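My notes follow in the order in which I looked things up.

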Amino acid sequence: MPDFCSMEMDKKILKKLGDRIRLLRMDKELTQENMAIDLGISITAYSKIERGQTNISYLRLLQIAEVLGVSSLKITHPDVDRHSDNSIIVRDYNPNQYDTVSLLQRVHRLEEDIHQFQKILVDKEDIITLLKEKLTDK
């Protein structure tokens with residue numbers, strides 16, 4: 001069973017992907033209806049893709065890229081472009097950005113661990129205080 005953090009991260013990724021698709025569609029001056037017809041799906045199904053409510057397959061991503069006249073790389077990594085000679089140009093490269101999701105998940109788990117340890121520490125301090133009080137009462 002996936003944890004809440006990974007589900008939220010998946011939603012954010014799908015939302016970001018849908019936003020990119022929407023922007024590219026609008027750049028090409030296409031409507032959602034145009035896209036749906038070209039993809040052979042309903043307007044509702046296409047709309048869910050743009051809203052990040054559908055986890056699209058790789059094949060669907062390739063279809064969308066073809067309809068938009070861009071590479072799938074342009075959709076998934078907007079900071080990367082293909083040069084006319086097919087070499088890849090990376091704009092504003094951040095070496096850690098492609099691992100951001102796993103890093104954020106790890107940070108979230110570590111923050112939860114820290115919170116738990118802080119609670120344990122407070123409990124231990126309370127116990128120490130009580131034991132000191134008992135010692136001084138005797």
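I note here that the model is a predicted one.

Next I asked which residues of H2 are buried, and the list reads Met35, Ala36 and Leu39. Looking down the axis of H2, I see these buried residues fall within an arc of 100°, so they line one face of the helix.

I then turned to the packing of H2 against H3, where the angle is about 110° and the axes lie 9 Å apart. Since angles of 65 to 115 degrees count as roughly perpendicular, H2 is therefore roughly perpendicular to H3. On the H2 side the contact is made by Gln32, Glu33, Met35, Ala36 and Leu39, and on the H3 side by Ile43, Tyr46, Ser47 and Glu50. Sorting this contact by class, I have five nonpolar, two polar and two charged residues.

Last, I looked up the largest nonpolar core, which has 15 residues, and those touching the most other members are Ile21, Tyr46, Ile56, Ile64, Leu68 and Ile75. Helices H1, H2, H3 and H4 each give two or more residues to this core, and H4 supplies the largest share, four residues. For Leu68 I set aside neighbours within four places in sequence, and its remaining contacts are Ile21, Leu24, Arg25, Lys28, Leu30, Met35 and Ile75.

Definitions and conventions:
Residues are numbered from 1 along each chain as its sequence is written. This is a predicted model: local features need pLDDT of at least 70, side-chain atom pairs count only at pLDDT 80 or more; totals for chains, interfaces and linings use all residues. Side-chain values use heavy atoms; hydrogens and water are left out. A nonpolar core is a set of buried Ala, Val, Leu, Ile, Met, Phe, Trp, Tyr and Cys residues joined through side-chain atoms within 4.5 Å. Buried means under 20% relative accessible area, exposed over 50%, partly exposed in between (1.4 Å probe, protein chains only). Contact means heavy atoms within 4.5 Å. Axes are lines fitted to C-alpha atoms, for helices over the stretch in contact, and angles run from 0 to 180 degrees between N-to-C directions. Angles under 35 degrees count as roughly parallel, over 145 as roughly antiparallel, 65 to 115 as roughly perpendicular and the rest as oblique. Ala, Val, Leu, Ile, Met, Phe, Trp, Tyr, Cys and Pro count as nonpolar, Asp, Glu, Lys and Arg as charged, and the others, Gly among them, as polar. The arc is that of the directions from the helix axis to the C-beta atoms.
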